[in-house]
Amino acid sequence: MTMQDTRPIRIDLVSDTATRPTPGMRRAMAEAPVGDEQRDEDPSVNALTARVAELLGQEEAIFLPSGTMCNQIALAVHCRPGDEIIAAENAHIVTSEGAGSAVFASSVIRPIHSERGIFSGREVAAFARGAYAKAPRTRVVAVEQTNNRGGGSVWPLETLSEVVTVASELKLVLHMDGARLLNAVVATGISARQYASPFDSVWLDLSKGLGCPVGGVLAGSAAFIREADVWKHRFGGAMRQAGILAAAGLYALDNHVDRLAEDHANARLFGALIGALPGIKLDSPEIETNLVFFDVEGTGKRTPEIAERLLRQGIRIGVEGPTRMRAVTHLDVDEAGIREAAAALAAATAERVSA
Ligand SMILES: Cc1ncc(COP(=O)(O)O)c(C=O)c1O
C-alpha cells in the first residue's frame, strides 16, 4: 500500500465511490433485521436480492462485497479454461481487475477498440472466432452500461439489442457490468429491466452513485446464481450478518435513484464551465451521465501539478494520465461545490497557456 494523502477533502470528484452513507441510510442500517447470510437466513439480504432480481428482470440474485467480485464470479461461472471474452478495450474488466479473468476464469479477453466503450453487433460477429479447432472458444460478450472510461456513455437500447441478437445467434453468453446501469436508466427513462433482462448475468453496484458503503448485487438465472454462490464461498465472500449492508442498498433503491439526475445535471454544468476554459478540451462535448473526462495539455500544465494545487484547497479531481483528468459527480457534491471546483481549476490552469 502506498502512503495516503491525509489532507481533508471538501469537494471530492475523484469517484462516485467517495460517497458517505447519509443519516437516513445509517439509520436504516442500524435498524436492519439481520441473520446469517451464509445460511441464507438474513432477511435484509434476501429482500435486497429479490428486489434487484425483479428490477433487472432476472430469476435470482446474489449479494456480493464488490462490483469487481460480481464481474469475476460471473466470468468464472460462464467460462471454461481457454475461453475468450469479447469486451471494449477500455472496460473495467480489461483495465482495472488485475487480469482476474485470466486468473479465475482461465480465459483471455479479446478487446474491441472503441472510444466510448460501445461496439456494434457487426463487430461482435467479426470478433467472434469461427469453428477452427485451434482457436480459443469465444464464450462471453461483456458490455459495460454505462461505460466508465468512455465518459459515462450510455449504450443505446438499439445497439444493445443488436449485440444481444448477434450474440444469441452465435450462442454466446451475455454479461453486463451494470456498475452504473441506474445512471443509464435515469438518463434515458428506459427501464433497468429493458436493458438487463436479455442478459445471462448482470449486476448493480451499490457503492457508487447509490451511495452505499459496500456491495454489489449480481443477477441471473437460478442455475447461474447457484454456481455463483459456490464461487462466492470459494472467494471468501460469503458473509454473516450482512443485512446491515443490504439495508443500505434497500434504502438507496428507495431514496437515491431518481436523484441521480442531479449528478447528471452537475456533470453537465461542470463540463460547460471547464469546457469554456482556455487549453482545456473535454473528451466529448456530450456529457450523458456523471463522468467528465478532459485533457489539460493546452494549458501547458501537467495533471500532478494541477491536482496538487486543487488538493491544497480541499478539492480532488482524478488524474488519468500526464494531461488527462476525470471528475465524477455524486450525492456528496452539490452545485455550489461544482462551481467552486470549476473556478479552482480555472485558477490552477490560468497562468500559462501554450499556443
Ligand atoms: C464500470 C465498473 N465496473 C466495475 C467496477 C468495480 O466495482 P467495485 O469498486 O465495487 O469493485 C467499477 C469501479 O469503479 C466500475 O467503474
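User: How many residues of domain 1 are in contact with domain 2?

Analyst: In this predicted model, 14 residues of domain 1 are in contact with 13 residues of domain 2.

User: What classes of residue make up the domain 1 side?

Analyst: The side of domain 1 that touches domain 2 has five nonpolar, eight polar and one charged.

User: Let's turn to sheets. How do strands of a sheet pair?

Analyst: They pair through backbone hydrogen bonds, either parallel or antiparallel. Now take a case. An open sheet of seven strands runs in the order E2-E8-E7-E6-E5-E3-E4. Its pairing is mixed.

User: Which strands are the edge strands there?

Analyst: Strand E2 (60–64) and strand E4 (108–112). Each pairs on one side only. On average, neighbouring strands of this sheet are turned by 20° against each other, direction ignored.

User: How many bridges join E3 to E4?

Analyst: Five bridges join strand E3 (residues 83–88) to E4, and the two run parallel. Look at alanine 88: its bridge partner in E4 is isoleucine 112.

User: Which strands does helix H3 touch as it packs on this sheet?

Analyst: Helix H3 (residues 67–78) touches E2, E3, strand E5 (137–144), strand E6 (173–178), strand E7 (201–205) and strand E8 (216–220). The direction of H3 makes about 25° with that of E8.

User: What is the strand order in the sheet of four strands?

Analyst: The order is E9-E10-E13-E12. This sheet is open, and its pairing is antiparallel. Strand E9 (281–282) and strand E12 (318–319) are the edge strands.

User: How many bridges pair E9 with E10?

Analyst: Two bridges, in the antiparallel sense, pair E9 with strand E10 (residues 291–295). Find lysine 281: its bridge partner in E10 is aspartate 295.

User: Which helix lies across E9, E10 and E13?

Analyst: Helix H12 (residues 260–275) does. H12 runs at about 15° to E10. Strand E13 spans 324–328.

User: Now helix pairs. What describes two packed helices?

Analyst: The angle between their axes and the distance between the axes. The crossing is right-handed.

User: Which residues make the contact of H12 with H14?

Analyst: H12 gives Asn266, Leu269, Phe270, Leu273 and Ile274. H14 gives Glu335, Ile338, Ala341, Ala342 and Leu345. By class, eight are nonpolar, one is polar and one is charged.

User: At what angle do H13 and H14 pack?

Analyst: Helix H13 (residues 303–311) and helix H14 (residues 335–350) pack at about 130°, with axes 10 Å apart. Therefore H13 is oblique to H14. H13 passes H14 in a right-handed crossing.

User: Which residues meet there?

Analyst: On H13, they are Ile306, Arg309 and Leu310. On H14, they are Ala344, Leu345, Ala348 and Thr349. This contact divides into five nonpolar, one polar and one charged.

User: At what angle do H1 and H11 cross?

Analyst: Helix H1 (residues 23–30) and helix H11 (residues 243–255) cross at roughly 135°. Their axes come within 8 Å. That angle makes H1 oblique to H11. The crossing is right-handed.

User: Which residues of H1 meet H11?

Analyst: Gly24, Met25, Ala28 and Met29. They meet Ile244, Ala247, Ala248, Tyr251, Ala252 and Asn255 in H11. The contact has eight nonpolar, two polar and no charged residues.

User: Last, the backbone. What do most residues and peptide bonds look like?

Analyst: Most residues other than glycine have a negative phi, and most peptide bonds are trans. Now look at aspartate 40. It is not a glycine, yet its phi is positive, about 65°. Aspartate 40 is in the loop between H1 and helix H2 (43–56).

User: Which peptide bond is cis, with omega near -10°?

Analyst: The bond from glutamine 145 to threonine 146. Threonine 146 lies in the loop between E5 and helix H7 (157–169).

How values were computed: Residues numbered from 1 in each chain as written. Predicted model: local features only at pLDDT ≥ 70, side-chain atom pairs only at ≥ 80, totals over all residues. Axes fitted to C-alpha atoms, helices over the stretch in contact; angles between N-to-C directions. Parallel < 35°, antiparallel > 145°, perpendicular 65-115°, else oblique. Left-handed = near helix turned anticlockwise from the far one by under 90°. Contact = placed C-beta atoms within 7 Å. Nonpolar A, V, L, I, M, F, W, Y, C, P; charged D, E, K, R; others polar. Pairing = 2+ DSSP bridges.
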